[in-house]
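Reader: I'd like to learn how to read a fold like this one. Can we go through it feature by feature?

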Amino acid sequence: MPKSYTEMDLITFQGTFSTDEACRERLFNLRWPDGFRCPRCGGQEAYHIENRDLFQCVECRHQASLTAGTIMHRTRTPLVKWFWAIFLVSTDKRGLSALALSRKIDIGLKCAWTMLHKIRKAMETRDAGYQLAGLIQVDDAFFKGGVNKGGDKRGRGTSKVPVIVMAAVKDEAITFARMEVVEDVDGDTIKSALAERVAPGQTVRSDGFPAYNVVKDIGLIHDKQIVYPKQGAPRHDVLKWVNILVSNAKAFILGTYHGVQKKHLQRYLDEFCYRFNRRFWPGQAFDRLLLACSRSGPMTYAELRG
């Protein structure tokens, strides 16, 4: 991992990564910051097989690809286009559609769609190890993505896709956010989501929905806020930050992607949260995302479609 992230604007990016050779050098340094390390035996010496772009270990003769184990595993797309895709995704806070990416870097629509989903996987993997700490506001929300039959209801009886939304709050600001697509908003689901995403001993604030009473069963402090109607309208200030988060996420998905399928919704929410959690370091966005892409495991097109 780099000691510090590089500030990267458009002009700097163009000058730094204009060739595949420059991209390969940067990817090599991210994968092996202390020099080559054989993934099989740990050997530190290798020679480069140029015509196949492989590194062969001197000790065990294992041949390692520079892109193996990354989201670019077995790619046929030039690295310079991968780097452009990562740069464009990381620097456009509104997100980037597959059609827009295909036009910007001159690749097929299917290729662009696959690249974007692999980048989203890297975002999810990067955030997976973090647990929320401090005061955690939690609520459920409902996103379009399911098939509506005979119209749709509002609230917890809707046919839309339920999502558990968690936001760590400190000094009147969100420090870290997570969103989890679930099948139903019940006690077992809430318990599972919080146990995985929230560090032990934290304070969890929810509304008065009975399913949230499970919070105290998993070693968390429950700050239950009963929301009383005021002049015919509910109070939202007790869960202000999760409500803002949900509104922003819905605007992000609708504005850029015009809605998504249920089976892909989690990846788009992962993308939104990844961006949101790093909103204070816009200049480092490319370097951070490139590192995530170099550390995330591969994923096939068939897995993405499934």
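Reader: What is the strand order in the open sheet of five strands?

Author: A quick word on the source: this is a predicted model, where local features need pLDDT of at least 70, side-chain atom pairs count only at pLDDT 80 or more, and totals for chains, interfaces and linings use all residues. Residues are numbered from 1 along each chain as its sequence is written, and side-chain values use heavy atoms, with hydrogens and water left out. Now the idea: helices (H or I, at least four residues) and strands (E, at least two) are DSSP runs numbered from the N terminus, and two strands pair if DSSP finds at least two bridges between them. Here the order is 6-5-4-7-8, with mixed pairing. Strand 6 (174-181) and strand 8 (221-224) are the edges; each has a single partner strand, so one side of each lacks a neighbour in the sheet. On average, neighbouring strands are turned by 25 degrees against each other, direction ignored.

Reader: How many bridges join strand 4 to strand 5?

Author: Nine, between residues 135-143 and residues 161-169, and the two strands run antiparallel. As one example, D140 has I164 in strand 5 as its bridge partner.

Reader: And which strands does helix 6 lie across?

Author: For this, contact means heavy atoms within 4.5 Å. Axes are lines fitted to C-alpha atoms, for helices over the stretch in contact, and angles run from 0 to 180 degrees between N-to-C directions. Helix 6 (residues 187-197) lies across strand 4, strand 5, strand 6 and strand 7 (203-206), at about 35 degrees to strand 5. Helix 7 (residues 240-257) also packs on the sheet, touching strand 4, strand 5 and strand 6, and makes about 40 degrees with strand 4.

Reader: Which residues of helix 2 are buried?

Author: The general idea is that an α-helix has 3.6 residues a turn, so residues three or four places apart point the same way. Buried means under 20% relative accessible area, exposed over 50%, partly exposed in between (1.4 Å probe, protein chains only). In helix 2 the buried ones are A22, C23, R26, L27 and L30. They cover an arc of only 130 degrees (taken from the directions from the helix axis to the C-beta atoms), which puts them on the same side of helix 2. E21 and E25, on the other side, are exposed. The buried residues pack against helix 1 (10-16), helix 3 (79-91) and helix 9 (285-295).

Reader: How many disulfides are there?

Author: Zero in the whole structure, a disulfide being a pair of cysteine sulfur atoms within 2.5 Å. The sulfur of C60 is 3.6 Å from its closest cysteine sulfur, in C41, too far for a bond.
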